[in-house]
Amino acid sequence: AIVNFDRQLSLAIEGDLQVLRAEAHLGLAHAHLGWGDYDECASLYERAMLMFVELGDSKMQAIAHHGLQEAYSRLHNEKFRDRHQERAQKIERAVHARLDEGGERLTKLKSRLIASTAEQSKQIKLERVSASCIRMRREQVRLREDIVTATEEKEAQEKETAKIADLLQRI
């Protein structure tokens, strides 16, 4: 594992990839913890933690603090163990608080979306009513025009009928 993480570290340094570099330090620290080299382990966890601070990765900072807590616990240094345990817990509480806040925001957005959708549904319904009103008015105008046309045809036919009736009386 140390060889693989060491290779990852060299590639990260060559490519100037800070995230991979920090992860390589974290992996090396885990490996040194397993080997029992607690001083080197603590040094690598410290470097990884500082890199994650620069990168702004809270989750990985907490992991590095937990690693430091374990390393100092095995070194029987309760002061540093407790300090890193508190820092890890503080970061985790902050992350949970941000997650809870994000959940609340999502809930508010969801309710706003539902309210917005309901309001739009009302508008669409009103638009449907409005469209049917327009169709009914158009039909009403067409029917009035048909009545006018029928009345004109009736009058024309009455005139024709009157002429024919007059003609028949003459005969």
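A few ground rules. This is a predicted model, where local features need pLDDT of at least 70 and side-chain atom pairs count only at pLDDT 80 or more, while totals for chains, interfaces and linings use all residues. Numbering starts from 1 along each chain as its sequence is written, and side-chain values use heavy atoms, leaving out hydrogens and water.

Helices here are DSSP runs (H or I, at least four residues), numbered from the N terminus. Helix α1 covers residues 2-15, so to speak 14 residues, and reaches 20 Å from first C-alpha to last, close to the 20 Å expected (1.5 Å times one less than the number of residues).

Now for the core, meaning buried (under 20% relative accessible area, 1.4 Å probe, protein chains only) Ala, Val, Leu, Ile, Met, Phe, Trp, Tyr and Cys residues joined through side-chain atoms within 4.5 Å. The largest one has 20 residues, and L26, C41, A42, Y45, F52 and L68 touch the most other members.

The largest share, eight residues, comes from α3. Beyond its neighbours within four places in sequence, C41 is in contact (heavy atoms within 4.5 Å) with A29, H32, L33 and A71.

How do α3 and α4 pack? Their axes, lines fitted to C-alpha atoms over the stretch in contact, come within 9 Å and cross at roughly 160°. The pair is therefore roughly antiparallel (over 145 degrees). Residues including Y45 and F52 in α3 meet a set in α4 that includes L68 and A71.

Terms used: Buried < 20%, exposed > 50% of the residue type's maximum accessible area, 1.4 Å probe, protein only. Helix = DSSP H or I, 4+ residues; strand = E, 2+ residues; numbered from the N terminus. Axes fitted to C-alpha atoms, helices over the stretch in contact; angles between N-to-C directions. Parallel < 35°, antiparallel > 145°, perpendicular 65-115°, else oblique.
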